[in-house]
Amino acid sequence: MNVLAEWTALACKELGVDPARVDRDQILELTKEVAHGVARPAAPLTAYLLGLAEGAGTAPEEAVARLTTLARNWGEATAETLTDS
């Protein structure tokens, strides 16, 4: 077992999360998009926000898709926000 798989299994056990519910590759892809498209420190923050959204009832696939799109369009989104004021 590699370190990432072992960490995932142990963290899930510690938190009482079913590891079958964790799409590790999807989360890593999302955080990669955020780290490259927005800023590196935004990646762990985004993962935390994703967890909060899922805890509040948002479907994980929907939340990941929305956040990935936001990260990919970050330059356009911030340009629009800056010109709105």
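Helices (H or I, at least four residues) and strands (E, at least two) are DSSP runs, numbered from the N terminus. The structure described here is a predicted model, in which local features need pLDDT of at least 70 and side-chain atom pairs count only at pLDDT 80 or more, while totals for chains, interfaces and linings use all residues. Residues are numbered from 1 along each chain as its sequence is written, and side-chain values use heavy atoms, with hydrogens and water left out.

A place to begin is Val-22, which sits in the loop between α1 (3-15) and α2. Val-22 has a relative accessibility of 27% and so counts as partly exposed; the term covers values between buried, under 20% relative accessible area, and exposed, over 50% (1.4 Å probe, protein chains only). Leaving out residues up to four places away in sequence, Val-22 touches Thr-8, Cys-12, Val-17 and Ile-27, where contact means heavy atoms within 4.5 Å. Val-22 and Thr-8 are 14 residues apart in sequence, and their C-alpha atoms are 8.5 Å apart in space.

The next topic is the packing of helices. Two packed helices are described by the angle between their axes and the distance between the axes. Axes are lines fitted to C-alpha atoms, for helices over the stretch in contact, and angles run from 0 to 180 degrees between N-to-C directions. For α2 and α3 the angle is about 135°, with the axes 8 Å apart. α2 is therefore oblique to α3; angles under 35 degrees count as roughly parallel, over 145 as roughly antiparallel, 65 to 115 as roughly perpendicular and the rest as oblique. In this contact Ile-27, Leu-30, Thr-31, Val-34 and Ala-35 of α2 meet Ala-42, Ala-43, Thr-46, Ala-47 and Leu-50 of α3. By class, these residues are eight nonpolar, two polar and no charged. Ala, Val, Leu, Ile, Met, Phe, Trp, Tyr, Cys and Pro count as nonpolar, Asp, Glu, Lys and Arg as charged, and the others, Gly among them, as polar. Thr-31, in helix α2, counts as buried because its relative accessibility is 15%. Not counting residues up to four places away in sequence, Thr-31 touches Ala-43 and Ala-47.

The axes of α2 and α4 come within 9 Å and cross at roughly 20°, so α2 is roughly parallel to α4. Here Gln-26, Leu-30, Glu-33, Val-34 and Gly-37 of α2 meet Glu-61, Val-64, Leu-67, Thr-68, Ala-71 and Arg-72 of α4. This contact has five nonpolar, three polar and three charged residues.

α3 and α4 pack at an angle of about 145°, and their axes are 9 Å apart. Thr-46, Leu-50 and Glu-54 in α3 meet Pro-60, Ala-63, Val-64 and Leu-67 in α4. Ala-53 also lies in α3, and its C-alpha atom is 7.2 Å from that of Ala-63, ten residues away along the chain.

What remains is the core. In soluble globular proteins, nonpolar side chains tend to be buried together. A nonpolar core is a set of buried Ala, Val, Leu, Ile, Met, Phe, Trp, Tyr and Cys residues joined through side-chain atoms within 4.5 Å. The largest one here has seven residues: Leu-30, Val-34, Ala-42, Leu-50, Ala-63, Val-64 and Ala-71. Two or more of its residues come from each of α2 (24-37), α3 (42-55) and α4 (60-72), and α4 gives the largest share, three residues. Apart from neighbours within four places in sequence, Val-64 is in contact with Gln-26, Leu-30 and Leu-50.
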